[in-house]
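Dear colleague,

Please find below the structure that I am handing over to you. My notes on what was found in it follow directly after.

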Amino acid sequence: MFHPISPTHTHALVFGSVEGAYPVQITHLHVPQYVSNGSHAAILDCEYALGPRESINASGLVVKWFFNDGPAPVYQWIPPQRPQELGLLRGRLDLGYQATKSNASRHRALYIRNPTTDLSGEWKCLVSTFDDEDFMTKKMVVYAPITGHPEGRPRSVMLP
């Protein structure tokens with residue numbers, strides 16, 4: 001049974017601390033709770049804040065997306081390289097999509113073209129630097145509308 005759950009958020013400081021501030025922190029994870037099968041697009045966005053050193057130089061920054069606790073990422077971006085779509089998302093993303101104009105966050109989001117029901121599940125964004133990492137997870141359900149209902153109006157069915 002699907003329950004709307006607030007995002008899971010975990011923060012891990014890899015090497016020491018910086019006077020009460022973290023080098024990277026995910027501030028908000030935008031994952032649509034429900035998306036219609038075959039709709040134009042679904043945008044999953046991972047907003048994060050970087051510490052002063054990381055903001056000036058994005059060296060060491062890595063943004064990865066995972067699906068359903070899989071061990072391998074389905075998306076990876078290491079600035080200034082071009083983002084990579086992997087596994088389940090290969091050929092399904094608009095890699096030219098830019099969430100922001102900032103060099104340190106422009107390819108943080110997934111722009112999924114024509115999402116289908118096989119993309120229902122838990123999405124995790126992991127952002128790391130040389131010194132720190134943070135991640136958040138949220139669930140998304142891609143549902144298939146059923147047409148031809150006896151009363152003449154379509155209805156929706158939630159798929160696991």
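**Overview of the chain**

Buried residues account for 38% of the 160 residues in the chain, where buried stands for under 20% relative accessible area, exposed for over 50% and partly exposed for anything in between (1.4 Å probe, protein chains only). Please note that this is a predicted model, in which local features need pLDDT of at least 70 and side-chain atom pairs count only at pLDDT 80 or more, whereas totals for chains, interfaces and linings use all residues. Residues are numbered from 1 along each chain as its sequence is written, and side-chain values use heavy atoms, with hydrogens and water left out.

The secondary structure of the chain consists of 1 helix and 11 strands; helices (H or I, at least four residues) and strands (E, at least two) are DSSP runs, numbered from the N terminus. Read from the N terminus, the order of the elements is β-β-β-β-α-β-β-β-β-β-β-β. Of the contacts between residues at least 6 apart in sequence, 57% join residues at least 24 apart, a contact being heavy atoms within 4.5 Å. The accessible surface of the chain is about 8,900 Å², and 53% of this belongs to carbon and sulfur atoms; such areas come from the Shrake-Rupley method with a 1.4 Å probe, and for residues only the protein chains shown count as cover.

**Strand pairing**

Strands of a sheet pair through backbone hydrogen bonds, either parallel or antiparallel. Here, two strands are said to pair if DSSP finds at least two bridges between them. An open sheet is formed by 3 strands in the order S2-S4-S8, with antiparallel pairing. Its edge strands are S2 (24–30) and S8, each of which pairs on one side only. Strand S4 (residues 41–50) is joined to S8 by 4 bridges in the antiparallel sense, and Ala41 stands opposite Arg113 in S8.

Strand S10 (residues 132–146) has parallel pairing with strand S3 (residues 34–36) over 3 bridges. In this region, Tyr34 stands opposite Val141 in S10. S9 and S10 are antiparallel and share 8 bridges, and a hairpin of 3 residues joins S9 to S10. Gly121 has Met140 in S10 as its bridge partner.

**Aromatic rings and a charge**

How many aromatic pairs does the structure hold? There are 2 aromatic pairs, counted when the ring centres of Phe, Tyr or Trp (its six-membered ring) lie within 6.5 Å; planes under 30 degrees apart are stacked, over 60 edge-to-face and the rest tilted. Phe67 and Trp123 form a tilted pair, at 4.7 Å centre to centre and with 50° between the planes. Phe67 belongs to strand S5 (residues 62–67) and Trp123 to strand S9 (residues 121–128), so this pair ties together parts that are 56 residues apart in sequence. Both Phe67 and Trp123 are buried.

The ring centres of Tyr97 and Tyr111 are 5.2 Å apart and their planes are at 35°, so this pair is tilted. Tyr97 is partly exposed, with a relative accessible area of 24%, whereas Tyr111 is buried, at 16%.

Finally, the charged end of Lys124 sits over the ring of Phe66, 5.0 Å from its centre. The charged end of Lys124 also sits over the ring of Phe135, 4.8 Å from that ring's centre. The criterion is that NZ of Lys or CZ of Arg is within 6 Å of the ring centre and within 35 degrees of the ring normal.

Yours sincerely
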